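Visitor: I have a structure open on my screen and would like to learn how to read it. Could you walk me through it?

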Amino acid sequence: MARRRMIYEGKAKILYEGPEPDTLIQYFKDDATAFNAQKHAVIEGKGVLNNRLSEHFMSGLNAIGVPTHFIRRLNMREQLVRMVEIIPLEVVVRNFAAGSMAKRLGIDEGTALPRPIIEFYLKDDALGDPLVTEEHVIAFGWASQQDVDDMVALALRVNDFVSGVMYGVGIRLVDFKIEIGRVFEGDFQRLIVADEISPDSCRLWDIETNQKLDKDVFRHDIGSLTDAYTEVATRLGVMPRNGNKVSGPKLVQ
Ligand SMILES: Nc1ncnc2c1ncn2[C@@H]1O[C@H](COP(=O)(O)OP(=O)(O)OP(=O)(O)O)[C@@H](O)[C@H]1O
Ligand SMILES: [Mg+2]
């Protein structure tokens, strides 16, 4: 196979130049990181699961008219996506209090919020991805007012869709983070959902037992991350229940 040009290697994924203009290949690694990469492990099979799960959510969103970067899955660990200009913000939607918000505001984890709450975090590892307000976003030019309005609308649509899909398999979407990017189409530009939607970027709790089925399992060492992600994938029907080991092929350069 021809050597591909690597564009970027992040903590969880690698981006390669795609086969057509304005496309990228997103390769899902097995690496898991938490607490701004202070904690790191390689969890065999995680990349395969996240590739399938992100495909499931992104293709579902595409099908209901919420634009995403997802074009098609290429193999167990890779998917073809549209290249975007990433807005340097993590857009978080919260339905129940958890994580940093529960801590910061002294709210019990799991408390239902009166409405979905949207937060923006600046994507800056050196600063630890700080929480920022809409005022900061616009004043510092990370995005325009129109972008902010579009990001909020996109985030709420993603929230409704993913909450509904997860509710259907007995899982509560507590919160999630998305990244959004800009694409140019002729004289127009618009924002689309990029990066990934997976248990790495969502909090997912079993509706009956509150068992955690997301990256918190790794953050707080409360069981097997592969088992948790496999449970989500199996309930959604994206992985066979008899689950042959999901290690998948190794990257061939
Ligand atoms: N469609 C896309 N076009 C361009 N860049 C993308 C696209 N989707 C995701 N990205 C970027 O690709 C990278 C994915 O790699 P990964 O998630 O491993 O990064 P990361 O270690 O979390 O670092 P970062 O702080 O850059 O997000 C991220 O930087 C993300 O913003
Ligand atoms: Mg990332």
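Guide: Gladly; let us begin with helix α6. In α6, the buried residues are Leu-225, Thr-226, Ala-228, Tyr-229, Thr-230, Glu-231, Val-232 and Ala-233. A residue counts as buried if 20 or more other C-beta atoms lie within 10 Å of its own, as exposed if 12 or fewer do, and as partly exposed in between, with C-beta atoms placed from the backbone. Helices (H or I, at least four residues) and strands (E, at least two) are DSSP runs, numbered from the N terminus.

Visitor: Before we go on, what kind of model is this, and how is it numbered?

Guide: This is a predicted model, in which local features need pLDDT of at least 70, side-chain atom pairs count only at pLDDT 80 or more, and totals for chains, interfaces and linings use all residues. Residues are numbered from 1 along each chain as its sequence is written, while chains are lettered from A and ligands numbered from 1 in the order in which they are written.

Visitor: What covers the buried residues of α6?

Guide: The cover includes β4 (31-34), α1, β12, β14 and α5 (216-219). After α6 comes Gly-237, with a positive phi near 75°.

Visitor: How do I check the length of a helix?

Guide: The expected span is 1.5 Å times one less than the number of residues. Helix α6 (residues 225-236) has 12 residues and should span 16 Å; the 17 Å between its end C-alpha atoms agrees with this. Helix α4 (residues 145-167), with 23 residues, reaches 32 Å from first C-alpha to last, close to the expected 33 Å.

Visitor: Which residues of α4 are buried?

Guide: In general, an α-helix has 3.6 residues a turn, so residues three or four places apart point the same way. In α4 the buried ones are Met-151, Leu-154, Ala-155, Val-158, Val-162 and Met-166. They pack against α1 (46-63), β9 (89-96), β10 (112-122), β12, β13 (188-194) and β14 (202-206).

Visitor: How is the protein divided into domains?

Guide: Domain bounds come from an automatic or database domain assignment. Here they give domain 1 (6-83 + 228-236) and domain 2 (85-206), whose C-alpha centres lie 17 Å apart. Across the boundary, 20 residues of domain 1 are in contact with 23 residues of domain 2, contact being C-beta atoms, placed from the backbone, within 7 Å. On the domain 1 side, α1 and α6 are the elements that give two or more residues, and α1 has the largest share, 7 residues.

Visitor: Where does ligand 1 lie?

Guide: Ligand 1 lies between domain 1 and domain 2, because both give residues to its shell. A residue is near a molecule if its C-beta atom, placed from the backbone, lies within 6 Å of it. The shell has 19 residues, the closest being Gly-10, Lys-11, Lys-13, His-69 and Ala-194. β2 (13-17), β7 (78-82) and β12 (171-185) each supply at least two of the shell residues.

Visitor: What should I look for in the backbone angles?

Guide: Most residues other than glycine have a negative phi, and most peptide bonds are trans. Asp-22 is not a glycine, yet its phi is positive, about 60°. Asp-22 sits in the loop between β2 and β3 (23-28) and is exposed, with 11 other C-beta atoms within 10 Å. Phe-35 also has a positive phi, near 50°. Phe-35 lies in the loop between β4 and β5 (39-42) and is exposed, with 9 other C-beta atoms within 10 Å.

Conventions
Two residues are in contact if their C-beta atoms, placed from the backbone, lie within 7 Å.
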